[in-house]
Amino acid sequence: MNILVVGAGGQIGAELIPHLQGLYGQDNIIATDLKAENVERLKESSRALVLDALDLESYKEIISKYKINRIYNLAALLSAVGETKPQIAWQINMGALVNALELAREYKCSIFTPSSIGVFGHSTPQDNTPQDTVMRPNTIYGVCKVSGELLSDYYFSRFGVDARSVRFPGIISNGCLPGGGTTDYAVEVFYEILKTQKYSCPIPANTYMDMLYMPDAIKACTDLMDCDPSKLRHRNSFNITAMSFSPTQLFAQIKKHVPNAEFSFNPDPVKTEISASWPNSMDDSCAREEWGWNPSWDLESMTKDMLEKIALKLS
Ligand code: AKB
């Protein structure tokens, strides 16, 4: 198995690369990113190259040269930043996917592309959101993710491309920081509390969203791709979640470990609107039944681990 990770310098890539290396061997994983400084960092522990995922010819050269048979297409602009530059968000999110799917078709690769809770909107049932339901998002990010799910299913049914994906909720991690998402508060808060004991939250206090801790997210990326395809009734894209909480609940959990932590709320209008349109909690039973999704981390264990790991990082 030769695996190409595109957009490897971001939050997911930084932790997916070592996991893939452990499973398939260090030399079989090629990490790429648009930014040279990210590639320099990746080179410390992996084979890494600069790649603009919108440059089809360079992308093709890498797939052909390294005999790639699986692509993780992680290049994306997230929900909140997407609203500041919708045309660019469309170009990047869709352009990278179209190139990845075309090359997967030509070179017979399997392909994983993260979808998101961003596919849902105000008209979606908000509690226990079903796998198959209304998807009318009102962000450019959501529009790209719905289009991406449809296009990936199209490439599977029309050309037989083995495209699979999950709808990621917010991903909480202590490696590389997320950037430009609506759920980023659930990572930022740990750094701010450990540095200053204060955090001002851009999301209203009682807004519920689904979340995952990174080790579960990474496991989903490989478990879904390695599962027996004959069991899959869905492909693009599976609801997955491990916990659903509001800022109030997360902060109460943090306060158990950092009693002098102080929290305030200064809702950002864009993030407030986006978070209100996303589910409170999703039903992920299809992922559980079809490929054995079963997360290990909950709010309590994640909070404790995040505080320990980030305290070490800051010391
Ligand atoms: C975002 O907030 O944009 C992402 C996501 C849920 O897809 N973390």
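A residue counts as buried under 20% relative accessible area, as exposed over 50%, and as partly exposed in between. Keep in mind that this is a predicted model.

**Exercise 1.** Find K108 and decide whether it is buried or exposed.

*Solution.* Start with the place: K108 sits in the loop that links α5 (86–107) to β5 (110–112). Next, take its relative accessible area, which is 69%. That value is over the 50% cut-off, so K108 is exposed. One more thing to spot here is the backbone: phi of K108 is near 55°, a positive value in a residue other than glycine.

**Exercise 2.** Now try S152: is it buried or exposed, and which residues is it in contact with, leaving aside neighbours within four places in sequence?

*Solution.* First, locate S152 in helix α6, residues 140–159. Then check the number: relative accessibility is 4%. This is under the 20% cut-off, so S152 is buried. Last, look around it: with those sequence neighbours set aside, S152 is in contact with L97, L101, A163 and N236.

**Exercise 3.** Zoom out and describe how domain 1 and domain 2 meet: how many residues of each are in contact, and about how much area do they bury between them?

*Solution.* Begin with the division of the protein. Domain 1 covers 3–170 + 212–239, while domain 2 takes in 174–210 + 243–280 + 297–314. Their C-alpha centres lie 25 Å apart.

Now for the contacts: 27 residues of domain 1 touch 26 residues of domain 2.

For the area, here's the idea: the size of an interface is often given as the accessible area lost when the parts come together. For domain 1 and domain 2 that comes to about 2100 Å², with 58% of it on carbon and sulfur atoms.

Finally, look at the side of domain 1 that touches domain 2. Elements that each supply at least two of its residues include α1 (11–24), β12 (209–213) and α8 (214–226). By type, the residues on this side divide into ten nonpolar, twelve polar and five charged.

Notes. Residues numbered from 1 in each chain as written. Predicted model: local features only at pLDDT ≥ 70, side-chain atom pairs only at ≥ 80, totals over all residues. Heavy atoms only, no water. Domains from an automatic or database assignment. Contact = heavy atoms within 4.5 Å. Buried area = accessible area lost by both parts, 1.4 Å probe. Helix = DSSP H or I, 4+ residues; strand = E, 2+ residues; numbered from the N terminus. Nonpolar A, V, L, I, M, F, W, Y, C, P; charged D, E, K, R; others polar. Buried < 20%, exposed > 50% of the residue type's maximum accessible area, 1.4 Å probe, protein only.
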